[in-house]
Amino acid sequence: MLVVSHINSYYDKSHILHDLSFCVKQGELVTLLGRNGAGKSTTLHSILGLVPRVDGDISFNGNSILGLHTHEIASKGICLIPEQRDIFQILTVEENLQLSVKKGSPWEIKDIYRLFPRLEERKKNGGGQLSGGEQQMLAMARALLNNPKILFCDEPSEGLAPVIVKEIVDILREIKKSGIPILLVEQNLRVCEVLADRHYILEQGQFVYECSQADFFSEEAEKMKTKYLEV
Amino acid sequence: MSLYLFQILNGVGLGMIYFLMGVGLTIIFGMMNFVNFAHGAFYALGAYACYVVMSITGSFWAGLVLAPICIGILALGIEKVLVRRLYAVDHSIQILITIGVMMMIREGTLLIWGTVPKSIRVPELLAGIVAFDDFVYPVYRLFIVGVTALIGIGLWLLLEKTRFGMVIRAGSERPHMVALLGINIDKLFSMTFIGGVALAGVAGALIAPIRGVDAFMGVEALGIAFVVVVIGGMGSFSGALIGGLIVGLVQSFTSGFWPAGTNVMIYSVMALIIMFRPNGLLGRA
């Protein structure tokens, strides 16, 4: 479905990603793991056309998307839930949702209010007045309304209370059940373990390890986790 | 008493013209992070366009309607050829290049229409005065207040009540996120630029019968438009309205007792406001 082959990404003169190749198949949840600065977000941004220079090839459903504008890539159904949530603060919650509505999406605003009752309670509030957890829910809701064919989720649990994280995990599980593949960047390994099918570990812009969920607790995987993920 | 009323009305009229100038500048800046020093030149061109249409057709109304359309078409061309390449570059480069555009337009108008100011007659319908007791006021100046208020309300409805306006507001805050929702941000940028510049054209055409038309009106208006934006806050629609009215009223009252000091007063008020609110009255941090 999403195939990334041999990409190299650059910001100005710094070479961030080195010859990265991976894929996400239909219905799969794949994680990108690694320490801060390993290149996880840059990987997502490279696919979305937000990095000034990317070499290699990226294809989505068989068509190359490298070099397209961000809005063209997004229109193909690659939806990002950004790390900073990027809620429109001067718009109300409801306007944030309306802006994201796209024809053909399996989710409508009423489904969103069923999934996230809190957003309905706060629909007249400005986006800037939401708590961190509510912002994360709104960012997810926006992506769902945008007719996603694949979701990129960048550190959804960051800075949230455990009870909210649990809620977010439940929603991600429900999205996955609906068949939409997810590429998840996450520091919280517990979240990754309960959701993922496969894992990639990044270090300094290169993959150092790849395994399935079944092998994620093998001796080798534990060694890799200690070496590349422990702070 | 009637003197004050006179000055208030003058101030509001001027202020609304400044609002039209400032709102284009501020929305273009808020959304594209683009500093347009040619904004005043488009205002002057709006006045010239009104003058040309009027001398051909004999109708001020035709001038008032066609001037912003001409300026909008010009803005479309300039955006396609030049401005869209500048959104990503540093402000200093944007400023240098748009100053170049401003000078080309100014020298162009001087070449075509010369240094002698042109005048535009107020149309018959608006040429009179209104009188209440001992208070008299030109109808045309009231017309300016009315038309600019209507444009302001129209703009507000467009920005607050339509999907297009919602996209503009979202784009002025986080253009990348708008693109990530699959919305063509480049198209939105050019429409905003054209709209903002056309509003400067409207302002120029409206002021022309009062102030006359000359090649240097653009520079004067540019300075004021920036003051309006700084007072109101970069990127804020309501800020441009409040900023415009403040500047208009300060200018009108100062000219009553110290005509030479209007600019000093305007810039002093601006300095005072940003001392207490560095982001302007309604600006975001």
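1. Two salt bridges (a side-chain nitrogen of Lys or Arg within 4 Å of a carboxyl oxygen of Asp or Glu) are counted between chain A and chain B of this predicted model. One salt bridge joins Glu95(A) to Arg169(B), with the closest N and O atoms 2.9 Å apart.

2. The model is predicted: local features need pLDDT of at least 70, side-chain atom pairs count only at pLDDT 80 or more, and totals for chains, interfaces and linings use all residues. Residues are numbered from 1 along each chain as its sequence is written, chains are lettered from A in the order in which they are written, and side-chain values use heavy atoms, without hydrogens and water.

3. The contact (heavy atoms within 4.5 Å) draws 23 residues from chain A and 21 residues from chain B. In chain A, His71(A), Phe88(A) and Leu99(A) lose the most area to chain B, together 33% of what that side buries. Buried area is the accessible area (1.4 Å probe) that two parts lose on being put together, summed over both; here it is about 1900 Å², 63% of it on carbon and sulfur atoms.

4. The largest pocket holds about 720 Å³ of space. A pocket is an open set of points on a 1 Å grid over the protein atoms alone, where a 1.4 Å probe fits, with protein on both sides within 12 Å along at least five of seven lines; lining residues have an atom within 4 Å of a point. The volume is the space filled by probe spheres set on the points, which are joined across faces, edges and corners. Of its 30 lining residues, the closest to the centre are Gly49(A), His69(A), Thr70(A), His176(B) and Asp186(B).
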